[in-house]
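Me: Could you take a close look at the side-chain links in this model for me? I'd like one connected account of which side chains pair up and where they sit.

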Amino acid sequence: MSALRFLLRLACLLAALAPWCASASGAAEKRTPFQIRCEDTISKTASVMSAQQSGYSVNTQLSYKSLTQMKGDYQPNSYVLGLTRTESRVKVGWTGQLLQDPESGYECIAPKIDVKLSYAPVRIYVGNEFPKGSCGYDVILAHEMQHMQIYMDNLPKVEVVVREALLKRFGDKPLYAPSRTAQSALNHEINSGWLPFIKAEMEKVEAQQARLDSPAEYERLGKSCNGEIQTILNKTRGRR
């Protein structure tokens, strides 16, 4: 239960704001004048979602051994011919009109939640043993472009999940809280609840990325180009 709903229900139990219990419990009872002001005159609760793709670049300056070390979680005798790197970015803010009721000591706010989702510009690496224009380069780059596409396809999926969650949480009703606490309570909910939730949704894509880098896929890459990639690996494996 959120802090705001808890405070409202507690107020109802203490009979300090009995007319508002209907709003907290869902029962259909007559609204107070303050409820009418809050629910009928201020802007409705809303959320604004935006997802942005930031482009990509291709780097061919590093060897596949350097890329293998960059990945960090490689297994012995494994190799990384290409690598795709980015990081998720999540920004959540809000605005909203605030109304106060001096008689009851409560206030209401209809927040407009603004969520921005993006990935940092994607950096694609291809080992420098595979010059641009070669079959090996084309095959490795095509594999890494699949990684980038997984990131790009994830943005609209997260957008749908977050929008539905925000709608379920806030609906189209204002939030009520004791005077001078609504803004701090909402800030706390966003920072301690919504930000971690959205970041976790963005990071779920990593499981899909790992599935793309299956042993079978690495075997396929090694045998591509009539053995060209495997031949280069065999020639360079003993070098530093």
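Reply: Happy to! A disulfide here is a pair of cysteine sulfur atoms within 2.5 Å. Please keep in mind that this is a predicted model. By that cut-off, Cys135 and Cys225 form a disulfide, with their sulfur atoms 2.0 Å apart. Cys135 lies in helix α5 (residues 135-170) and Cys225 in the loop between α8 (215-223) and α9 (228-236), so this pair ties together parts that are 90 residues apart in sequence. The torsion about the S-S bond is -85°, and the link is left-handed. As for the two ends, Cys135 is partly exposed at 34% relative accessible area, whereas Cys225 is buried at 15%.

The count of disulfides comes to two, and the other one joins Cys38 and Cys108, with sulfur atoms 2.0 Å apart. Cys38 belongs to helix α3 (residues 33-41) and Cys108 to strand β5 (residues 106-119), so the bond ties together parts that are 70 residues apart in sequence. It is left-handed because the torsion about its S-S bond is about -95°. Here Cys38 is buried, with 1% relative accessibility, and Cys108 is buried too, at 0%. With the bonded cysteines numbered in sequence order, the pairing reads 1-2, 3-4.

Let's stay with the helix that holds Cys38. The buried residues of α3 are Phe34, Gln35, Cys38 and Glu39. They span an arc of only 115° around the axis, which puts them on the same side of α3. Pro33 and Thr41, on the other side of α3, are exposed.

Glu39 brings us to the charged pairs. Side chains of opposite charge can pair when their charged atoms come close. Glu39 meets Lys173 in a salt bridge, 3.6 Å from N to O. Lys173 sits in the loop between α5 and β7 (175-178) and Glu39 in helix α3, so this pair ties together parts that are 134 residues apart in sequence. Glu39 is buried at 5% relative accessibility, while Lys173 is partly exposed at 46%.

Another salt bridge joins Arg31 and Asp40, at 2.9 Å from N to O. Arg31 is partly exposed, with 31% relative accessible area, and Asp40 is partly exposed as well, at 48%. Together, Arg31, Glu39, Asp40 and Lys173 are linked in a network of salt bridges.

The structure holds ten salt bridges, including one between Lys204 and Glu201 at 2.9 Å, N to O. Lys204 is exposed at 52% relative accessible area, and Glu201 is buried at 13%.

How values were computed: Residues numbered from 1 in each chain as written. Predicted model: local features only at pLDDT ≥ 70, side-chain atom pairs only at ≥ 80, totals over all residues. Heavy atoms only, no water. Helix = DSSP H or I, 4+ residues; strand = E, 2+ residues; numbered from the N terminus. Buried < 20%, exposed > 50% of the residue type's maximum accessible area, 1.4 Å probe, protein only. Arc of directions from axis to C-beta. Salt bridge = Lys/Arg side-chain N within 4 Å of Asp/Glu carboxyl O.
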